[in-house]
Amino acid sequence: CACVLPPCQASYALGYNLAIEYLADYEKTWMLDSFRDLNARVLKKDIDWIFLEVHAEGEAEHAAIGHNAVLNIVPTEHAPILRKAMADHDRDFAVFYNRMAELMEGH
C-alpha cells in the first residue's frame, strides 16, 4: 500500500481481511465435506467434527460482517487499496492452496 496514513492502512487491512473471510466461507465448508468424505471412504471412524462444523456454519456470516464493515467504513476512493489488499491475499496464499489442491487430487 503506497499510502502510509492510518486511514489507508485501515482500508488495506479491511480489504485483506475481507478476502480471508470470503475464502474461509468456501474453504471451511469444503474442508468439512472433504474430511467427512475421507472418513466415509477410508477411515470409517466415529469422528466429532465440531470444530469444522462450527467454523463452516459461521463463515458466511463473518464474510457478510466483513463486507458490511468495508461498505460502511472504507471511503469509495480507497477502492484501489481494497483491490490491492485482496490481490495481495490471493498472492500470499496461492502457493499453499495450489499445493493443497494437488495433494487432494493425488499429485
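Buried, as used here, means under 20% relative accessible area, with exposed over 50% and partly exposed in between (1.4 Å probe, protein chains only). By that cut-off, Lys28 counts as buried because its relative accessibility is 16%. This is a predicted model, so local features need pLDDT of at least 70 and side-chain atom pairs count only at pLDDT 80 or more, while totals for chains, interfaces and linings use all residues. Residues are numbered from 1 along each chain as its sequence is written, and side-chain values use heavy atoms, leaving out hydrogens and water.

**Overall fold**

- You're looking at 3 helices and 0 strands, where helices (H or I, at least four residues) and strands (E, at least two) are DSSP runs numbered from the N terminus.
- Going along the sequence, the pattern reads α-α-α.
- The radius of gyration is 17 Å, well over the 13 Å from the globule rule for 107 residues, so the protein is more spread out than a compact globule. That radius is taken over C-alpha atoms, and the rule is 2.2 Å times the number of residues to the power 0.38.
- The C-alpha trace spans about 55 × 30 × 15 Å along its principal axes.
- Of the 107 residues, 26% count as buried.
- Take the contacts (heavy atoms within 4.5 Å) between residues at least 6 apart in sequence: 76% of them join residues at least 24 apart.

**H1 against H2**

- H1 and H2 (residues 50-73) pack at about 160°, with axes 8 Å apart; axes are lines fitted to C-alpha atoms, for helices over the stretch in contact, and angles run from 0 to 180 degrees between N-to-C directions.
- That makes H1 and H2 roughly antiparallel, given that angles over 145 degrees get that label, under 35 is roughly parallel, 65 to 115 roughly perpendicular and the rest oblique.
- H1 crosses H2 in a left-handed way, meaning the near helix is turned anticlockwise from the far one by less than a right angle (clockwise would be right-handed).
- The H1 and H2 contact has 14 nonpolar, 5 polar and 6 charged residues. Nonpolar covers Ala, Val, Leu, Ile, Met, Phe, Trp, Tyr, Cys and Pro, charged covers Asp, Glu, Lys and Arg, and the others, Gly among them, are polar.

**H1 against H3**

- H1 (residues 6-43) and H3 (residues 79-104) pack at about 25°, their axes 7 Å apart.
- H1 and H3 are therefore roughly parallel, and their crossing is right-handed.
- By class, this contact of H1 with H3 has 16 nonpolar, 4 polar and 4 charged residues.

**Back to Lys28**

- Lys28 sits in H1.
- Leaving aside residues up to four places away in sequence, Lys28 touches Leu52, His55, Ala56 and Glu59.
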